[in-house]
Amino acid sequence: MMNFKLSRGIATPSKFTPGVALLWQGLSLRLINKIIYKVLFRSSNETLNKKRNEFLFRSARSAITAILKSRNIGKGKEVIISSFTCSALTNAVISAGATPVYVDILDDLTMDINSIKEAINMNTGALIVQNTFGRKSISKDDLNSLTHKKLVIIDDNCLSFGSKYNGNDIGINSKYSVSSLEASKSFTLGWGGIVKINDKILNDKFRHYYSNLKRVNLVKDFKNLFQLWLTIFLQRYSFNNGFILWYLFYGTRLFKISKTEDKYTTTKHIKMGFVSELIYNEYKKYFDKLGEKSNHNYLKIQKKLISLGIEPCIIEKENEFIVSPRISFRAPISSINRIKEIAHSHKIEISRWFKEAPPIENLTLCKKQNLNNCSKISLQIINIPCFWSYNSQKIRSIESFLDDISPLVNNP
């Protein structure tokens, strides 16, 4: 398998060749065709599955920026975020004019409540609670223990979309929650962010703010959907040297990369496109069923890891239902390169989310607490892709890969 990579950090084109990929796996060709058919031939008496407390954006970073701006959390204000995150979240905060403040994490990748308390001061405007890889990051009691009563709490479910805690959606008890439909997430449309507001007064205020925003235009919307469909098609019917098409589409800018979304967070054109919204409202009817498949695959990989003596960072508890695009474990630093080579031989893309923790991009514009634990974990992290769309053959490929690397993890 050929596996090229551009210096700008764009994901590898191996998604067009055989193997278990990290991107665009949160949708299948069969399902997208089914959804498109239903959207095109919807009967006149069939209503859209829309919710009054749900607001759709072109990206999750645009959604987060919009929440902060709607609450006037900008210049002179600080926003507390996890240090184990990607630059998209950092840039969303900076786009609102606020200063990101990184706090430490615990061994299960959740945010350290003590680090959060140390970061709170009179300038703190918001806390973005990152629920990483299916786990609720901060308990309700811990949130209630925060003394800053005017703190805006935003649940970031981008890496946990579809997960449940005590039988409820993971962000249902928060006033604001954000989910992502980006290419690497559990359910994808290539791009897209979802804001849910569980407070009537705040919902009405945000609706007024949202009404002044503009949609992605139809041309860009259709280009995005074409990229979505064609990418999934090329994954389904992969072929050798598929990377050539990848370079062609991205080189001619017919396809766009996720990073380009950063420049749109400060514009008014941040509502999801009209056609994408129709696709989303049809797609979400399947989320519960697909979440069951995703959780099933997660538990199979979790069981395999444990049987090999490799402890996942997050082991599902009785009151949890984990839906995650990744399942993570820690490996000795000395074994990382060899593990990557073995993954390549098995045609499996593994990721190091987030080996740079905190992200180095715009770090000079941020503040940080003591991040000793995060710095240590980020050097050891290995993430295995885990999607609802994986069949038994792909799961067996992952299990075979884990068999081969277990001596390197357990006995480096």
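Predicted model: local features only at pLDDT ≥ 70, side-chain atom pairs only at ≥ 80, totals over all residues.
With a relative accessible area of 61%, Leu40 is exposed.

- Leu40 is placed in helix α1, which covers residues 29–40, and together with Tyr37 and Phe41 it forms a nonpolar patch on the surface, the three having about 400 Å² of accessible area between them.
- Lys38 is also part of helix α1, but at 35% relative accessibility it counts as partly exposed.

- Leaving aside residues up to four places away in sequence, Tyr283 touches Gly26, Leu27, Leu31, Ile35, Phe187, Thr188, Leu189, Leu290 and Trp388.
- Leu68 lies in helix α2 and is buried, with a relative accessible area of 0%; beyond its neighbours up to four places away in sequence, Leu68 is in contact with Ile73, Val79, Ala92, Val93, Ala96, Ala126 and Ile154.
- Between Leu68 and Ser345 the C-alpha to C-alpha distance is 44 Å, with 277 residues separating them in sequence, whereas Lys347 and Phe401, 54 residues apart in sequence, have C-alpha atoms 9.3 Å apart.

**Buried side of helix α12**

- Helix α12 (residues 372–380) has Asn373, Cys374, Ile377, Ser378 and Gln380 as its buried residues; these cover an arc of only 165 degrees around the axis, and therefore they lie on the same side of α12.
- The packing partners of these buried residues are β13 (326–330), α11 (336–345) and β15 (381–385).

**Salt bridges**

- Glu282 pairs with Lys38 in a salt bridge whose closest N and O atoms are 4.0 Å apart, and the pair links distant parts of the chain, with Glu282 in helix α9 (residues 274–283) and Lys38 in helix α1, 244 residues apart; Glu282 counts as buried at 2% relative accessibility.
- Arg215 and Glu277 meet through their side chains in a salt bridge of 2.9 Å, N to O, which links strand β10 (residues 214–215), where Arg215 lies, to helix α9, where Glu277 lies, across 62 residues. Arg215 is partly exposed, with a relative accessible area of 32%, and Glu277 counts as buried at 8% relative accessibility.
- Asp107 and Arg330 form a salt bridge with their closest N and O atoms 3.7 Å apart; because Asp107 lies in the loop between β3 (99–103) and α4 (113–119) and Arg330 in strand β13, the pair ties together parts that are 223 residues apart in sequence. Both residues are partly exposed, Asp107 with a relative accessible area of 47% and Arg330 with one of 26%.
- Arg61, Lys259, Asp262 and Glu361 are joined in a network of salt bridges.

**Backbone geometry**

- Most residues other than glycine have a negative phi, and most peptide bonds are trans.
- Trp24 is not a glycine and yet has a positive phi of about 60 degrees; it lies in the segment before α1 and, at 2% relative accessibility, counts as buried.
- Arg253, also a residue other than glycine, has a positive phi near 65 degrees; Arg253 is placed in the loop between α8 (243–251) and β11 (269–271) and is exposed, with a relative accessible area of 64%.
- A cis peptide bond, with omega at about -5 degrees, joins Trp353 and Phe354, and Phe354 lies in the loop between α11 and β14.
- Another cis peptide bond, between Ala357 and Pro358, has an omega of about 5 degrees, with Pro358 in the loop between α11 and β14.
- Lys347 lies in the loop between α11 and β14 (367–368) and is partly exposed, with a relative accessible area of 38%.

How values were computed. Residues numbered from 1 in each chain as written. Heavy atoms only, no water. Buried < 20%, exposed > 50% of the residue type's maximum accessible area, 1.4 Å probe, protein only. Helix = DSSP H or I, 4+ residues; strand = E, 2+ residues; numbered from the N terminus. Arc of directions from axis to C-beta. Contact = heavy atoms within 4.5 Å. Patch = residues over 30% accessible without salt bridge, like charges linked within 9 Å, V, L, I, M, F, W, Y side chains within 5 Å. Areas by Shrake-Rupley, 256 points an atom, 1.4 Å probe, with all protein chains shown as cover.
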